[in-house]
Structures are given as structure tokens and as C-alpha cells.
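The stops below are meant to be followed in order.

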Amino acid sequence: MIDNGAQETVRVISIDPGYDRLGIAVIEKKPGDKERLLFSDCCQTSAKDPFVMRLLRVVSEFKSKIAEYQPRYFAIETLFFSSNTTTAMRVAEVRGALLFAAKENGLRIMEINPMQIKLAVTGDGKSDKAQMIKMIQLITGIRKKSKDDEYDAIATGLAFHALYRPSVTKLD
């Protein structure tokens with residue numbers, strides 16, 4: 001629930017960062033209403049392409065959704081460390097490019113860790129993937145079979161709405 005004294009409509013673009021698959025969602029909350037999923041998808045790149053081309057594809061997709069939906073806020077999951085250092089480094093590069101693109105487009109940024117996302121969506125910071133998907137479907141009404149990355153992006157956007165308080169939340 002949003003405590004927004006200004007009674008503004010809050011639209012956020014949220015991301016599950018990756019260069020193989022980028023989960024992306026746009027969620028809006030109007031005063032007095034529940035969250036409404038405006039868009040969600042999973043942008044997949046080809047493993048045959050060089051990393052730079054894959055990075056260009058996901059950032060271009062992100063920027064096109066910013067242009068189309070005009071969000072004011074950007075929510076992104078914080079990076080967790082992986083045993084595969086190459087993958088972790090590449091995902092960190094994607095995050096950096098997305099953060100840059102968000103600021104370049106004037107978005108206010110909230111980084112949210114996985115435990116906060118799970119807690120905001122299910123009420124349990126240790127929820128498993130099935131519990132998360134079930135709650136996302138209940139909250140948004142989404143019924144399509146989606147990739148985990150898309151669900152993760154939706155969960156990040158829902159967590160943003162649960163955590164954001166205009167007068168007190170510190171955003172980048």
C-alpha cells in the first residue's frame with residue numbers, strides 16, 4: 001500500500017537483470033486502487049551473439065519500454081553473488097548499463113534485495129519460487145505461462161509499491 005500524501009499515480013518499470021533473459025514489467029498504482037500490471041515480458045537474447053550485442057538488445061528493450069510507458073521510477077533487484085564469476089560479472093555489467101539508462105531518462109531508482117522482494121510479495125522473506133508465482137498471479141491476475149525472469153520483474157515492481165513512501169523513501 002502506498003502512503004502518498006500527494007495522491008499521485010505511481011508507475012514503475014521493474015527489471016530482473018540478465019543478458020540471456022531480461023525480465024521486465026511496468027506496474028501502476030493509482031490512489032485508492034490496487035497495483036495494476038500494465039506490461040510484462042521476458043526479453044531473450046541469442047547465446048550465439050557476442051555479449052556486447054546482447055547488452056545492446058536488453059538495454060534497447062528497456063529504453064523502448066520507458067518511452068512507451070513513461071514511468072517515473074525504476075526498481076531493480078540487487079545483485080547476489082554467484083559461484084559463476086563470469087556470469088555474475090556480466091549481470092553486473094547489465095545492471096550498470098540499465099542503471100545508467102534509467103538515470104539518463106530521469107527515473108528515480110530503488111534497488112531491492114531478494115529477501116525484501118519475497119517479504120513484500122508473500123509476507124515471508126524465505127518464500128520459494130512456487131509461492132512467489134502463486135502470489136503474483138493472485139495480486140496481478142496474470143495467467144500466462146511466463147519465464148521466471150518475467151515473474152521476478154513483476155515481483156520487484158510489486159515490492160517497490162509495497163516499500164515506496166514518497167515523503168520518506170530514499171531513492172537514487
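The tour goes from confidence to the sheet, then to the nonpolar cores and the salt bridges.

**Before starting**

This is a predicted model, in which local features need pLDDT of at least 70 and side-chain atom pairs count only at pLDDT 80 or more, while totals for chains, interfaces and linings use all residues. Residues are numbered from 1 along each chain as its sequence is written, and side-chain values use heavy atoms, with hydrogens and water left out.

**Stop 1: colour by confidence**

Colour the chain by pLDDT, the predictor's confidence in each residue, from 0 to 100. The chain has a mean pLDDT of 90, and 93% of its residues reach 70 or more. Next select residues 1-5, where the pLDDT is below 50. Beyond near neighbours in sequence, this stretch has 15 contacts in the model (a contact means heavy atoms within 4.5 Å).

**Stop 2: the sheet**

Switch to a cartoon; helices (H or I, at least four residues) and strands (E, at least two) are DSSP runs, numbered from the N terminus. Five strands form an open sheet of mixed pairing, in the order β3-β2-β1-β4-β5; two strands pair if DSSP finds at least two bridges between them. Which strands stand at the edges? They are β3 and β5 (108-112), each with a single partner strand, so one side of each lacks a neighbour in the sheet. From one strand to the next, the twist averages 20°.

Now select β1 and β2, which pair in the antiparallel sense over 7 bridges. Within β2, Lys29 is the residue opposite Val10.

**Stop 3: the nonpolar cores**

A nonpolar core is a set of buried Ala, Val, Leu, Ile, Met, Phe, Trp, Tyr and Cys residues joined through side-chain atoms within 4.5 Å. Buried means under 20% relative accessible area, exposed over 50%, and partly exposed in between (1.4 Å probe, protein chains only).

Select Ile13, Ile15, Phe62, Phe74, Val94 and Leu98: of the 25 residues in the largest nonpolar core, these touch the most other members. The elements that give two or more residues to this core are β1 (10-16), β2 (21-29), β3 (36-44), α1 (51-69), β4 (73-77) and α2 (85-104). The largest share, 7 residues, comes from α1. Centre the view on Phe62: leaving aside neighbours within four places in sequence, Phe62 is in contact with Ile13, Ile15, Ile24, Phe74, Leu98, Ala101 and Ala102. Then move to a second, separate core of 23 residues, which includes Ile117, Ile133, Ile136 and Tyr151.

**Stop 4: the salt bridges**

A salt bridge is a side-chain nitrogen of Lys or Arg within 4 Å of a carboxyl oxygen of Asp or Glu; the whole structure holds 12.

- Arg11 and Glu28 form one at 2.4 Å, N to O, linking strands β1 and β2 across 17 residues. Arg11 is partly exposed at 24%, whereas Glu28 is buried at 5%.
- Lys63 and Glu104 have their closest N and O atoms 3.3 Å apart. Lys63 lies in helix α1 and Glu104 in helix α2, so the pair ties together parts 41 residues apart in sequence.
- Glu93 and Arg90 meet at 3.4 Å, N to O. They are 3 residues apart in helix α2, about one helical turn.

Finally, select Asp20, Arg21, Arg54 and Asp149, which salt bridges with shared partners join into one network.

How values were computed
Axes fitted to C-alpha atoms, helices over the stretch in contact; angles between N-to-C directions.
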